[in-house]
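This briefing concerns a predicted model. Please consult the sequence and coordinates shown here before reading the notes.

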Amino acid sequence: MNKHPHYLLNQISGPDYLKKLTLPQLETLAEEIRTLIIEKDTAVGGHFGPDLGIVEMTIAYHYIFDAPKDKLIWDVSHQTYPHKMLTGRAQAWLDPDHYEDVSPYTDPNESPYDYYAVGHTSTSIALATGMAKARDLLGNHENITALIGDGAMTGGLAYEGLNNAAIEPHNLAIVVNDNQWSIDKNVGGLVTALKKLRDTNGKSPENPFTAMGFDYHYVADGNDIATMIAAFQQIKDVDHPILLHINTLKGKGYTPALKDEEAYHWASADLLSGKDKAATSPTANSVAITTVEDEIKAGKQAMIINAAIPRSFGLDEFKNNYPDHYTDVGIAEQESVAFAAGFAKEGAIPVLFENSSFLQRAFDQLSHDVAANDLPVVMVIGNNGITTQSKTHLGLFDQVLVANLPNWIYLAPTSLTEERAMLKWAISQRQHPVAIKLPTKPVPEDSTNILTDYSTIHYQVTPGKNVAVIALGDFYQLGHQVAAKIGATLVNPLAANILDKATLDKLAQENQVIVTIEDDLIDAGLGQKIASYLGNKDVKVLNYGQKRVYTDQLPLETNYHDNHLTANQIISDLNSLL
């Protein structure tokens, strides 16, 4: 049921309706949008500070420009809640029964006002350059605008886009939304450059944008609708590259978000309702951090390296306690991995904390800089596996990226104690790059037969009969359920990309069927490697994982069922073969 039937927003079915409103009505609309963001996120969680800070700019853009003919390309698109409300999707905020109707990111399948399925950063300018070039070649004349935050400007692709945008012969506008924040505080020389421009109301002679050739405009209050309307009116239809630098307030309208911008970048329902509590028992993240701390205390010259998401791993306390052993490179995974390679080359110990769904940005560095040089970089990868996330934030590709490169060892712990042992060994060894797949599903704190050396992988086998179940990482518990019900052999393979051929030969001799289960894609996964190796053996191999598809906010239970990733389904499949 619509919680606010009296809201002005109910009358806005698209931007054309917006253009009929007066300035006071537009200001009322901004208040309504902020109220709805707070209400919905308090109920279900979501991106928070970025959306509260972009309201006025979004209203002004749609008031002046003619979308969807005129095109606004959103960087990351985690700040598009106001945009969605103004382009026919307000019901997903007005009515709690429809809270799950829309993606938290832009999606062209959802609306003609969205041009890309975008969920990662630093891409908008580069996308806009291609669109502008195509527009000109086709003889069209629409306005093309790229929005990018100052945090996203720390990513390398943003500079590649700027480099090409500056020489466009016709219309291309870039709006830099400067709220002085990434997810965490911004880092690097860009911070200094933007501050000089803000402090001088855009008049500083040390202007990197004019130096590149842009027609530069500055707006000191990007949260004032009238000011933003005037700014957009001034740049509309301009026939050359232009850069509009606007100063906004992340979290505007919600006092706690203004006091802790990092915590309220993405806010859980528990945080907003006051129920958020710190974890009291060990987690995969806390075990990783305390292990590095212990190694530093023992005299190891280790450094935790992070790409702008310390809170995602719970690193805030570490970075305050060990400032000389922590580096945040900004939203720049390529830099983080190249930084780690250089750090390792000098003889120190880099420990990368990377988010699975962001790691693909650094594939070149994982391959050429680290793997080709066989450098002892250590990397822990979080937020991996099969999840309910949108298709731009799936944690399914780290294993394909890392485990199939030469020299990388990709370990997958089945318990927190095993995780600690694997990370401790990874830090101590200096032969190869080692990645560790942090558990994201519940795993026990302790387990037996914990190794101290993983330089040679010997699968850990609990004997059974007829069927062998090889279950990787945090799906070991699922494998245990299957094996326990049918009396099968249970195997912990320890690594996602290393085959214990002697054990596999023995399992093939002793069993009719070998089952592999992994919390990842089937294609190019451990199971397919095992199936390929056993191809000439007299044994059937069944691989279980996720199909090679993009899921989009699919409930976990549905995903498991679709991929036969429940104990009962796996047992049923086995019964049909035995």
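**Leu366**
- Leu366 is part of helix H18, which spans residues 363–371.
- With a relative accessible area of 0%, Leu366 falls under the 20% limit and is therefore buried.
- Not counting residues up to four places away in sequence, Leu366 touches Val337, Leu359, Ala371, Met379, Val402, Leu405 and Trp408.
- Between Leu366 and Tyr105 there are 28 Å in space, C-alpha to C-alpha, and the two are 261 residues apart in sequence.

**Glu56**
- Helix H4 (residues 55–64) contains Glu56.
- The relative accessible area of Glu56 is 5%, so this residue is buried.
- Two polar contacts involve its side chain: one with the side chain of Arg34 at 2.8 Å, and one with the side chain of Asn223 at 3.0 Å.
- When neighbours within four places in sequence are left aside, the residues in contact with Glu56 include Ala30, Gly222, Asp224, Ile225, Met228 and Lys252.

**Helices H21 and H25**
- Helix H21 (residues 476–486) and helix H25 (residues 567–575) have axes that come within 9 Å and cross at roughly 50 degrees.
- Because of that angle, H21 is oblique to H25.
- The crossing of H21 past H25 is right-handed.
- On the H21 side, Leu478, Gln481, Val482, Lys485 and Ile486 make the contact; on the H25 side, Ala567, Asn568, Ile570, Ile571 and Leu574 do.
- Classified by residue type, this contact of H21 with H25 comprises seven nonpolar, two polar and one charged residues.

Technical notes. Residues numbered from 1 in each chain as written. Predicted model: local features only at pLDDT ≥ 70, side-chain atom pairs only at ≥ 80, totals over all residues. Heavy atoms only, no water. Helix = DSSP H or I, 4+ residues; strand = E, 2+ residues; numbered from the N terminus. Buried < 20%, exposed > 50% of the residue type's maximum accessible area, 1.4 Å probe, protein only. Contact = heavy atoms within 4.5 Å. Polar contact = N/O pair within 3.5 Å; in protein donor to acceptor, adjacent residues only side chain to side chain. Axes fitted to C-alpha atoms, helices over the stretch in contact; angles between N-to-C directions. Parallel < 35°, antiparallel > 145°, perpendicular 65-115°, else oblique. Left-handed = near helix turned anticlockwise from the far one by under 90°. Nonpolar A, V, L, I, M, F, W, Y, C, P; charged D, E, K, R; others polar.
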